[in-house]
Amino acid sequence: MKRSLILVMLAVAAAGCTKKEEPKSVVRAEAPPLPADVAKVSVGTTSETTTTAGEASAATVASGESQGTIIASGEFVSPVRSELAAKLPGRVARMYVDEGTRVHKGDPLLTLETDYPRLNLQKAEADAQRAAAAEREAARDLDRKKELIAKQSIPQATFDRTQATYDQARAMRASAVAQADIFRQQLSDSTMRSPIDGVVAEKRTDVGQRLGDATVALVVVQISPLRLRFRVPEKYLAQVRPGQSVRATVDPYPNQTFDGRVATVGGVIDPATRSFFVETEFANRDGRLKPGLFARVEMAPSAR
């Protein structure tokens, strides 16, 4: 009897202990520990990620406001592009340039056939000489009539007719001279000349081809200076100003830099990209940079 009582008490005690330990084990349950080498890698990765994010944020602020460098890319473009058409229709008699030829302002590019303009000019010059002779004769007659009208030797009507003849002779000479000037200008316009210093970008005609009105024969682009346009984030708006120095690098000359300056700063922010455009100018006196060349540009923000 005593033994049975002891067994019952032990069973009750065991049950009580089981109820108390069960919640405790659930609350404090933890994942099994990782091996030592794996645990070390896990802790190091977490710590490094947190530090890198903080440093990246700090670097962004420093780059935008202190000694950072603005880096962008763009394409060189010519500030002047001239599509040249003949002032008068005609057939090409001679070409002086080809694509890629460097030209200076006033250099001849092509010449049209000039046979008819030369003949027209010769006729107009002869007409001008004949009109000049008639004017001289009318002037002499007018001088004689002036002496006679002063002596009242001729009627006023006769003098008036002489005066009118002289005025008409002067007008005829002026008209003949103007006509000769027109043909002389046509003869000059038969030679197409470059309006700028640059390079021939396109050649759209050749010897023997006929050029009509407004037919583009050649395209000449300016290569000195050249422009380079790119976009900059809006946070740099107060740190980019006209006249600021920039440096550019291009693939054909990997170990060289080209110096330029800011020419224009856009005054409007693009709402899609939150950026504004910057246009820079490069002297390019040696002509090594070409329109269409891709470039990487660096620029130090100016002080506010």
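Y253 counts as partly exposed, at 24% relative accessibility. In this predicted model, Y253 forms an edge-to-face aromatic pair with F258, 5.9 Å centre to centre and with 65° between the planes. F258, by contrast, is buried, with a relative accessible area of 9%. Y253 also has a charge over its ring: the charged end of R288 sits 5.0 Å from the ring centre.

**The chain as a whole**

- The chain has 304 residues, of which 30% count as buried.
- Its secondary structure comes to 4 helices and 14 strands.
- Taking contacts between residues at least 6 apart in sequence, 76% join residues at least 24 apart.

**Aromatic pairs and charges over rings**

- The count of aromatic pairs is 2.
- One of them is F76 with F282, whose ring centres are 5.3 Å apart and whose planes meet at 80°, so the pair is edge-to-face.
- F76 belongs to strand β1 (residues 70-77) and F282 to strand β13 (residues 275-282), so this pair ties together parts that lie 206 residues apart in sequence.
- F76 and F282 are both buried.
- Elsewhere, R229 lies over the face of F277, at 4.0 Å from the ring centre.

**Nonpolar cores**

- The largest nonpolar core has 27 residues, and F76, F230, F282 and L289 are those with the most contacts inside it.
- Two or more residues of this core come from each of β1, β9 (216-221), β10 (226-233), β11, β12, β13 and β14.
- The element that gives the most is β10, with 4 residues.
- Leaving aside neighbours within four places in sequence, F282 is in contact with F76, P225, L226, L228, V246, A248, F258, D259, G260 and L289.
- A second, separate core has 16 residues, including L84, V103, L109 and V220.

- Strand β11 covers residues 245-250; V246, A248 and V250 make up its covered face, while S245, R247 and T249 make up the uncovered one.
- In a regular strand, side chains alternate between the two faces of the sheet.
- On one side, β11 runs antiparallel to strand β12 (residues 253-265), joined to it by 5 bridges.
- A hairpin through 2 residues connects β11 to β12.
- V246, from the covered face of β11, has G260 of β12 as its bridge partner.
- V246 and G260 are also among the contacts of F282.
- Strand β14 (residues 294-299) is likewise antiparallel to β11, with 3 bridges between them.
- T249, from the uncovered face, has R296 of β14 as its bridge partner.

**Loops and backbone geometry**

- Most residues other than glycine have a negative phi, and most peptide bonds are trans.
- The peptide bond joining S224 and P225 is cis, with omega about 0°.
- P225 is found in the loop between β9 and β10, and is one of the residues in contact with F282.
- R274, in the loop between β12 and β13, has a positive phi, near 55°.
- R274 counts as partly exposed, at 41% relative accessibility.
- N284 also has a positive phi, near 50°, and lies in the loop between β13 and β14.
- At 7% relative accessibility, which is under the 20% cut-off, N284 counts as buried.

- P195 is found in the loop between β6 (191-193) and β7 (198-203).
- P195 counts as partly exposed, at 34% relative accessibility.
- Not counting residues up to four places away in sequence, P195 touches S82, L84 and K105.
- One of these, L84, is included in the second core.
- P195 and H104 are 91 residues apart along the chain, and 8.0 Å separates their C-alpha atoms.

Conventions. Residues are numbered from 1 along each chain as its sequence is written. This is a predicted model: local features need pLDDT of at least 70, side-chain atom pairs count only at pLDDT 80 or more; totals for chains, interfaces and linings use all residues. Side-chain values use heavy atoms; hydrogens and water are left out. Buried means under 20% relative accessible area, exposed over 50%, partly exposed in between (1.4 Å probe, protein chains only). Two strands pair if DSSP finds at least two bridges between them. Rings of Phe, Tyr and Trp (its six-membered ring) pair if their centres lie within 6.5 Å; planes under 30 degrees apart count as stacked, over 60 as edge-to-face and the rest as tilted. A charge sits over a ring if NZ of Lys or CZ of Arg is within 6 Å of the ring centre and within 35 degrees of the ring normal. Contact means heavy atoms within 4.5 Å. A nonpolar core is a set of buried Ala, Val, Leu, Ile, Met, Phe, Trp, Tyr and Cys residues joined through side-chain atoms within 4.5 Å.
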